[in-house]
Amino acid sequence: MATAVDIGTLITSTRGVNGGRPCIAGTGMSVHQVAVLFEQGYMPDDIVREYPGITREGAFAAITHYLANRDQIDAELQAEAAEGEHDLRTYRTSRTSLGE
């Protein structure tokens, strides 16, 4: 008889790994990364095919974690995107001022 898996063990947070964000256990793939893929239309089996180190159970757990915490994760992703845009504008401005 197969042993039941405690689904709480499929997502972990470790200081120093992806900023302590929740990740699929045993991998460096964050729930945030999976959320982006999911929003792009990836399904769990697509994620497993694209990222061989990810199990089907891990992909489902990450998507479930994302959906249960969607407002928070989306806000964090939006803040990162805005920060990235700021960094890109600063880079472009500095290159322009250098005459490049």
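Ile63 is a buried residue, with a relative accessible area of 6%. It counts as buried because its relative accessible area of 6% falls under the 20% limit that defines the term. The structure is a predicted model, and Ile63 belongs to helix H3, which covers residues 56-68.

**Surroundings of Ile63**
- Leaving aside neighbours within four places in sequence, Ile63 is in contact with Val34, Phe38, Pro44 and Ile47.
- Met43 stands 20 residues away from Ile63 along the chain, and the C-alpha atoms of the two residues are separated by 9.0 Å.

**Overall arrangement**
- Four helices and two strands are present in the chain.
- Along the sequence, these elements follow the pattern β-β-α-α-α-α.

**Burial, contacts and surface of the chain**
- The chain has 100 residues, of which 23% are buried.
- Among contacts in the chain with a separation of 6 or more, 40% are made by residues 24 or more positions apart.
- The chain has an accessible surface of about 6900 Å².
- Carbon and sulfur atoms account for 54% of that accessible surface.

Technical notes:
Residues numbered from 1 in each chain as written. Predicted model: local features only at pLDDT ≥ 70, side-chain atom pairs only at ≥ 80, totals over all residues. Heavy atoms only, no water. Buried < 20%, exposed > 50% of the residue type's maximum accessible area, 1.4 Å probe, protein only. Contact = heavy atoms within 4.5 Å. Areas by Shrake-Rupley, 256 points an atom, 1.4 Å probe, with all protein chains shown as cover.
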